[in-house]
Amino acid sequence: MTSDVYFVPSRVAHNRGLLQRFGTLIDRLGLDVVARGDTVALKVHFGDDGTTAFVRPQFARKLVDRVKARGGHPFLTDTCTLYQGRRQQAIPHLELALENGFSYATVGAPLVIGDGIRSREVAEVSVSGRHFESVR
């Protein structure tokens, strides 16, 4: 199986930077999978303490705006971690998201921690993985 890979240069050209180019990429890809009235989860990583390795809220906003334009109801979601830290439970995780610039005001959509307030709202799913027969 092959996948298409898209590249968007970060260099500013013709007064168009990475953010504008990302919007153009979304438009070219289309969002045909989104129908009017759909609730649409946009899985993101809200970041960790002291890191910058996450998609910036401005980019999430571009995608949120495109989903809304198709009549969808988007929300941003992340899940808690197994390792120690602020992303282990929902409330400190959401506080960290706010510190990293994610909020309804910046992304135009609600933020939801997918596995619940204490990271216990899970379902077990069978997988045929190398190391696990099921995951939660």
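Predicted model: local features only at pLDDT ≥ 70, side-chain atom pairs only at ≥ 80, totals over all residues.

Colleague: Where does N100 sit in the chain?

Modeller: N100 is in the loop between α3 and α4.

Colleague: Buried or exposed?

Modeller: N100 counts as buried, because its relative accessibility is 19% and the cut-off for buried is under 20%.

Colleague: What about S103, where is that?

Modeller: S103 also has its place in the loop between α3 and α4. At 17% relative accessibility, S103 counts as buried.

Colleague: And which residues does S103 touch?

Modeller: Not counting residues up to four places away in sequence, S103 touches L98, G108, A109 and L111.

Colleague: Let's switch to aromatics. How many aromatic pairs does the structure hold?

Modeller: Three aromatic pairs. In one of them, the ring centres of F22 and F59 are 5.6 Å apart and the planes are at 70 degrees, so that pair is edge-to-face.

Colleague: Which parts does the F22 and F59 pair tie together?

Modeller: F22 lies in helix α1, residues 18–29, and F59 lies in helix α2, residues 57–69. The pair therefore ties together parts that are 37 residues apart in sequence.

Colleague: How accessible is F22? And is F59 buried or exposed?

Modeller: F22 is partly exposed, with a relative accessible area of 23%. F59 counts as buried, at 18% relative accessibility.

Colleague: Next pair. What are the numbers for F54 and F102?

Modeller: Their ring centres are 6.0 Å apart and their planes are at 50 degrees, so the pair is tilted. The pair links distant parts of the chain, 48 residues apart. F54 is in the loop between β1 (39–43) and α2. F102 is in the loop between α3 (90–99) and α4 (104–107).

Colleague: So are F54 and F102 buried or exposed?

Modeller: F54 counts as buried, at 11% relative accessibility. F102 is buried too, with a relative accessible area of 0%.

Colleague: Which residues do ring pairs link into a cluster?

Modeller: F46, F54 and F102. Back to N100 for a moment: its contacts include F46 and F54.

Colleague: What lies over the face of F54?

Modeller: R56 does, at 4.6 Å from the ring centre.

Colleague: Back to the helices. Where is L63, and how accessible is it?

Modeller: L63 has its place in helix α2. L63 is partly exposed, with a relative accessible area of 24%.

Colleague: What is L63 in contact with?

Modeller: With I26, L31 and L42, leaving aside neighbours within four places in sequence.

Colleague: How far apart are L63 and I26?

Modeller: They are 37 residues apart in sequence and 7.2 Å apart in space, C-alpha to C-alpha.

Colleague: Pockets now. How much space lies in the largest pocket?

Modeller: About 270 Å³.

Colleague: Which residues line the largest pocket?

Modeller: T79, C80, T81, L82, D115, S119, R120, E121, V122, A123 and R136. By type, the lining divides into four nonpolar, three polar and four charged residues.

Colleague: Backbone next. What is the phi of H14?

Modeller: H14 has a positive phi of about 55 degrees, although it is not a glycine. H14 lies in the segment before α1. At 78% relative accessibility, H14 counts as exposed.

Colleague: And N15? What phi does that one have?

Modeller: N15 has a positive phi of about 60 degrees, and N15 is not a glycine either. N15 has its place in the segment before α1. N15 counts as exposed, at 75% relative accessibility.

Colleague: Zoom out. How many helices and strands are there?

Modeller: Four helices and five strands. From the N terminus on, the elements run α-β-α-β-α-α-β-β-β.

Colleague: What box do the C-alpha atoms fill?

Modeller: Roughly 45 × 40 × 30 Å, taken along the principal axes.

Colleague: How many of the residues count as buried?

Modeller: 30% of the 136 residues.

Colleague: Last one. What share of the contacts with a separation of 6 or more comes from residues 24 or more positions apart?

Modeller: Such residues account for 63% of those contacts.

Key:
Residues numbered from 1 in each chain as written. Heavy atoms only, no water. Phe/Tyr/Trp six-rings, centres within 6.5 Å; stacked < 30°, edge-to-face > 60°. Helix = DSSP H or I, 4+ residues; strand = E, 2+ residues; numbered from the N terminus. Buried < 20%, exposed > 50% of the residue type's maximum accessible area, 1.4 Å probe, protein only. Lys NZ or Arg CZ within 6 Å of the ring centre and 35° of its normal. 1 Å grid on protein atoms, 1.4 Å probe; cavity = no way out; pocket = protein on both sides within 12 Å on 5 of 7 lines; lining within 4 Å. Points joined across faces, edges and corners; volume = space filled by probe spheres on them. Nonpolar A, V, L, I, M, F, W, Y, C, P; charged D, E, K, R; others polar. Contact = heavy atoms within 4.5 Å.
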